[in-house]
Amino acid sequence: MSKKSASFKMTTYFDAPLDKVSELVKNVDTLYFIARPLLIFRSVKGQELSHQWTNGTYWFHLYLFGVIPLGKQAIVVSFPRSPDFQMLDDGHSRFIKQWRHMITVKKEGRGVLCEDHLQISAGTLTYLVTVFAQLFYKHRQKRWKKLLENK
């Protein structure tokens, strides 16, 4: 793994309809739910944030376990054209030059495959950020399953 950049993919099967999972991906509250309690996202004051993600840049204060400040992070949302549902966060922060997270949701049998592909560039912090990201995305997948059980 290069110190300058790294990438990984994580794929999970969900026994849920494509339209349901896609709608949840587009819902801002889903991010809050699946990140907790590991990361807490708090929208920067004065920023207009709707219920659904739309193309644009959104700034958040990040807190580890809700108490340890990690600084501000930009979530830069777009929806690439694809035969599958995709949402891209081409985010960044002061320390992370690139946090490129592509979510792809595609039909698989009765359910869907949800793929998280992450590319990280954080200079000398890349290795540590990538290790944390891998733990965070494992946590996210568990929270996704819990969310879908409750919906």
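1. Which helices and strands each supply at least two residues of the lining of the largest pocket? In this predicted model, they are helices H1 (18-26), H2 (28-35) and H3, together with strands S2 (39-43), S3 (56-64), S4 (68-78), S5 (85-93) and S6 (98-108). Helix H3 provides the largest share of that lining, namely seven residues.

2. The largest pocket holds about 680 Å³ of space. It is lined by 32 residues, and those closest to its centre are Leu39, Leu62, Gln73, Ile96 and Trp99. Sorted by class, the lining comprises 24 nonpolar, five polar and three charged residues.

3. The largest nonpolar core consists of 40 residues, within which Phe41, Trp53 and Trp144 have the most contacts. Helix H3, spanning residues 126-150, gives the most to this core, with seven residues.

4. Phenylalanine 41 deserves a separate remark. When its neighbours within four places in sequence are set aside, phenylalanine 41 is in contact with Leu31, Tyr32, Ala35, Phe60, His61, Leu62 and Ile75. One of these contacts, Leu62, is also among the residues closest to the centre of the largest pocket.

5. Strand S7, residues 111-121, is mostly covered, as eight of its eleven residues are buried. Strand S1 (residues 6-14) pairs with S7 in the antiparallel sense over nine bridges, and serine 7 stands opposite glutamine 119 of S7.

6. Strand S6 also pairs with S7 in the antiparallel sense, over eleven bridges. Lysine 107 has valine 112 in S7 as its bridge partner. The hairpin of S6 and S7 has two residues between the strands, and glycine 109 in this hairpin takes a positive phi near 65°.

Technical notes
Residues numbered from 1 in each chain as written. Predicted model: local features only at pLDDT ≥ 70, side-chain atom pairs only at ≥ 80, totals over all residues. Heavy atoms only, no water. Core = buried A, V, L, I, M, F, W, Y, C linked by side-chain atoms within 4.5 Å. Buried < 20%, exposed > 50% of the residue type's maximum accessible area, 1.4 Å probe, protein only. Helix = DSSP H or I, 4+ residues; strand = E, 2+ residues; numbered from the N terminus. Contact = heavy atoms within 4.5 Å. 1 Å grid on protein atoms, 1.4 Å probe; cavity = no way out; pocket = protein on both sides within 12 Å on 5 of 7 lines; lining within 4 Å. Points joined across faces, edges and corners; volume = space filled by probe spheres on them. Nonpolar A, V, L, I, M, F, W, Y, C, P; charged D, E, K, R; others polar. Pairing = 2+ DSSP bridges.
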